[in-house]
Amino acid sequence: MGERLKQLQEKHLFKDIKEQLTNRGVDRREFLKFCTLITATAGLPFGMVEKVAAAVESPQRPPVIWLHFQECTGCTESLLRATHPTVEGLVLDTISLDYSETLLAAAGHQAEKAMWDSIEANKGKFILVVEGSIPAKDGGIYCKVAGKTPQETLREVAPHAAAAIAIGSCASWGGVQSSGINPTGATGLKEILDMEKIDLPVINLPGCPASPYNLLSTVLYYLTLKKLPELDDKNRPLFAYGRLIHDNCERRPHFDAGRFAHQFGDENHRQGYCLYKLGCKGPETWANCPSILYCDVGSGSWPVGTGHPCFGCSEEGVGFTKAIHEQAEVLSVTPSEGVPGIIEDRGAGMTGTAAAVAGTVVGAIVGAGAVLSRKVKDMPEEDMEG
Amino acid sequence: MSEFKPIGGKIITKPFIFLGILAIIAIYLIGKRFVFGIGAVTNLSDGYPWGMWIVYDVVTGTAIGCGGYAMAVLIYLFNKGKYHPLIRSAMLTSALGYSMAGLAIFLDVGRYYQLYTPFLPGYANVNSILWEVSICMASYSLILWIEFSPTILEKLKANGLLRIVRKCLFFFIGMGILLPTMHQSSLGSVLIIAGHKVSPLWQTMFLPLLFLISAIVLGFGAVIVESMISAVSFNRKLETPMLAKLSGIVPWLLGLFLVIRFADLLYRGQIGLMFQGFMGFMFITESLLFIIPMVVLLSPARRSQPNTLLIAGLCTVFAGVIYRFNAYLVGFHPAPGWHYFPSVQEIMVTVGIIAIEVLAYLVFVKLFPVLPTPKKKYA
Amino acid sequence: MTIGRRDFIKVLSAGTLLAAGAEKALARPPAELSPDAVGILYDATLCIGCKSCEVACKRINEMPDEHGTPLEIEHGVSGIWDSGNDLNSKTLNKIKVYSDGTGKNKDQVKDGYSFVKRACMHCIDPDCVSACPPSALQKEKKSGVVTWNEDACIGCRYCQIACPFNIPKFEFDNPFPKIVKCELCMHVQEKGGIPGCCEFCPTGASLSGNVSDLLVEAKRRMALKEGDEYQYPLHSLDSGEVQIRPAKDYVQHIYGEKETGGTQYLLLSGVPFEKLGLPDLPDFAMSAKSETMQHALYKGLIAPIALLGGFSYMAYKNTKDEGGDDE
């Protein structure tokens, strides 16, 4: 059965990208547009577009093992819902997605065998993508796939991977399952790997769901430049998580002008004013949602754009932790031009002309005094009466 | 022969024309102020709402115009009738000085069209020191002209009116001594409410006393200087002997001022500030201007020499001027970041107002019996 | 006549003693806080510098836009938010920022930043009211709001000299100028509303209420430890709207509780108040000192009338021998 699967794969998945493009009716221009978008999202200079295109076209297809643990599968579904299915599907073909429970046609032992075969064939070369949190409590018995806890699976799989991507907030830091008392001890991938003492570079792509474009950009960055993108202190690519939503938001001028929606549906809300008062967590959430929006539905297709405050889905300590209506901490200061300092230069000081005029007047008086005193020395005096 | 006589002579002289030009410039700028607002002509700002016009034209100008006050005290309180010949020119200088100060106030207040309100019972605020200053100054300006009126009435030969005025004059003289005592000291008290905004080198509860003493010495200094300038300008004999005797009291007053000043600074523990920065420099300059004339005038020989007397008189005047500028402007810091220096237009208005005052003085002494009749030497 | 000299010296010495003693004796008692006094509690730790209060204040008080602001000069943009760098004749309240070093840590001194909102402090013992010659500035008896009467004002600007916070602003560019300052939105309060800055502040940094109650609220906040969750009321003490957030480390002082005799605009902060440009002031208003001086010298006009009598008498005596005065 496994053999048959392999044959099917090799038969139906073309190795030549150009052929695939033609077959799917994607012209070169559209393809380059996609590559430009990916390049831009990755924060790479435009000169790199050709390189990114070359990487996409290259016959070399890194294998990907995609594991699911405590998750809702939203991240995978979002990837599949990207509106350019032809090109997105294409990218899925440029990586060799050797194992994905969602997409795999097979099930059961055959599916598992496909995974182990791929791992065996690509030791040290495959990318491990993890979706979903890992329950740390009670050895991880709350999530068993193929009879194994996530920890058991990871112990077997992770040491052979080249790098790992934790897609979604769950895999990055625990996500929604870690909310409240966190009954299963839901934990992110990196922390689990550290606990298991497995040394593997992890890129976190939090979000609920994670943006498919961030994933695509990360993968293509790696393919093009053969290295991981620059990461912040939480292992998140800076190109996607380097700015606060607040600093990128199209409603920021309303925040700066003090125009807030006070209640859902009120006049200000209808005007599209800032949602800070309704609990928007944009000021303390690092993500690029306002720029890349979500799933190509159209402009304004992200929470704030539709009129709902951001709840900080990607940010540990904010999303699923703070109440949605709770006001966010504003982590960045409004630019200094907009707010004056405590001490500012005010009033009109001395000009050259004024000083000259004042000096002349004083000088004239002093001079006149000197001249006069010399004159009076020799003048006749009145006698005084007794 | 009358004690006083107009000196006659051409009205339109070269100095007159020069002063006239300055006056016309000022009148143009004053017009600009009324049409466009105070900001169009001055550098005044919210941090420095009082500048050249208030500090020189009103505060300092009236102090310089304390010649009449100083002379009245000497002549009518201390019964030094021998100084009588100086009284009319002193009164004229004072009357003109206060009138010009009144003009400056009219220019400087923003809402001059409501300048009558402090005089109305429903509005008057007796707690405000500035209210007391304004009432006193307004009344005193009137009193000064009444005190000066015999000169005018004599010329107009309005003898009936002249007799009435002379009968009541003692009361006006009394007012003419009381009122300046009140408002010249209050010009110092005005700054007390500014608290920390006035540098500790100048802020003290002794401000009223210091301002009063410096106003009196300024007045004497003005009398000396003005007398000498008149003599030189109108080619008359110097009144040095009289001025020398008169100025005998001045070094004592200067000394009293310095004693109170330094004792107060020591008591408040602020004496160290006199060595610090620009404030310290201005304080030392001011103090020197008090010390120099004090030293000079202590010696009767130097008092009798017209040139040293004039220099000492000028120093005394400058001392009072600098003291007022220091207390109101140089030492005034509303908050860090504020700057002020008068604009050229602002200075030209002040210069023009002084020019108008001098012009008026020239016209008066030429047409009215202000200056003493020159004595003929008997063989 | 030696009597004259003696009298003169007597007056001089009396003046000296009075000046010296005025500070201690006859001190004019300080003004009291009205039980219905309305005020604002500004909590700098809650302020996010959004300037919603500035915008609302301009709109509600119909203040004109400014031009020639630094932003306009540099970028050619202007509007209701882009006001100048201080209170002025077109701006009744102002947000300013203190920043140090990298300016990254809110409400901290080192490498930190903090906002401050400046507006009229509505002092309990206002220096401007004491100073104003035609009583144009008055303190309302009940609410304690300090208001300006355009029918009385002569535009002398003594109030600008007297105010320890430099609040009253003057229209120097207007030939018919006004004195301009916050009047706690009296026209809104009269209709049952609250000051605009408080109504529009999204975080509760500007909070309106009865001053005594605001002092209680302020003291409660100062007693919190950093991180303690607290229900911060929004807009006014009795609005019912709250925001729960962790408290910051407060400076253990309510600015305005005692300064210059107490003010109705109170401030709390995470950084020392002098960093925010608030001056260090004594517990009494300077007007108490200047009024004490004035009353000591002129109470009931006794001294002036006595002196007038004396001076007139001496003038009379010294001139009547010459047959009526000849001046």
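Modeller: Helices here are DSSP runs of at least four residues, numbered from the N terminus. Please keep in mind that this is a predicted model.

Colleague: Does B:Gln114 count as buried or exposed?

Modeller: The cut-off for a buried residue is under 20% relative accessible area. Because the relative accessibility of B:Gln114 is 11%, this residue counts as buried.

Colleague: Which backbone oxygen does the side chain of B:Gln114 reach?

Modeller: Leaving aside residues up to four places away in sequence, B:Gln114 touches C:Glu150, C:Asp151, C:Ala152, C:Cys153 and C:Ile154. At 3.0 Å, the side chain of B:Gln114 reaches the backbone oxygen of C:Asp151.

Colleague: How much area do chain B and chain C bury between them?

Modeller: The size of an interface is often given as the accessible area lost when the parts come together. In this contact 78 residues come from chain B and 71 residues from chain C. Carbon and sulfur atoms carry 61% of the area buried between chain B and chain C, which is about 6500 Å².

Colleague: Which residues in chain B lose the most area to chain C?

Modeller: Three residues stand out on that side, and together they make up 13% of what it buries. They are B:Arg111, B:Ile193 and B:Met205.

Colleague: Which side chains meet in a salt bridge at 2.7 Å, N to O?

Modeller: Across the interface of chain B and chain C there is 1 salt bridge, alongside 33 residue pairs in polar contact, both residues at pLDDT 80 or more. The side chains that form the salt bridge are those of B:Asp108 and C:Arg157.

Colleague: From which helix comes the largest share of the side of chain B that touches chain C?

Modeller: Several helices of chain B each supply at least two residues to that side, including H1 (14-36), H3 (67-77), H7 (207-233) and H9 (250-267). The largest share is 13 residues, and these come from H6(B).

Colleague: Which residue of chain C forms a salt bridge with A:Arg346?

Modeller: Between chain C and chain A, 34 residues of chain C are in contact with 25 residues of chain A, and the area buried is about 2400 Å². The count here is 1 salt bridge. With the closest N and O atoms 2.4 Å apart, the partner of A:Arg346 is C:Asp86.

Colleague: How many residues of S3 of chain A are buried?

Modeller: S3(A) covers residues 127-131. From this strand A:Ile127, A:Val129 and A:Glu131 point one way, while A:Leu128 and A:Val130 point the other way.

Colleague: What stands opposite A:Glu131 in S5(A)?

Modeller: S3(A) is joined by 5 bridges to S1 of chain A, with the two running parallel, and there A:Val129 is the bridge partner of A:Trp66. Another 5 bridges join S3(A) to S5 of chain A, also in parallel. In S5(A), the residue opposite A:Glu131 is A:Ile167.

Note on methods:
Residues are numbered from 1 along each chain as its sequence is written. Chains are lettered from A and ligands numbered from 1 in the order in which they are written. This is a predicted model: local features need pLDDT of at least 70, side-chain atom pairs count only at pLDDT 80 or more; totals for chains, interfaces and linings use all residues. Side-chain values use heavy atoms; hydrogens and water are left out. Buried means under 20% relative accessible area, exposed over 50%, partly exposed in between (1.4 Å probe, protein chains only). Contact means heavy atoms within 4.5 Å. A polar contact is a pair of N or O atoms within 3.5 Å; within protein, one must be able to donate a hydrogen and the other to accept it, and residues adjacent in sequence count only if both atoms are side-chain atoms. Buried area is the accessible area (1.4 Å probe) that two parts lose on being put together, summed over both. A salt bridge is a side-chain nitrogen of Lys or Arg within 4 Å of a carboxyl oxygen of Asp or Glu. Two strands pair if DSSP finds at least two bridges between them.
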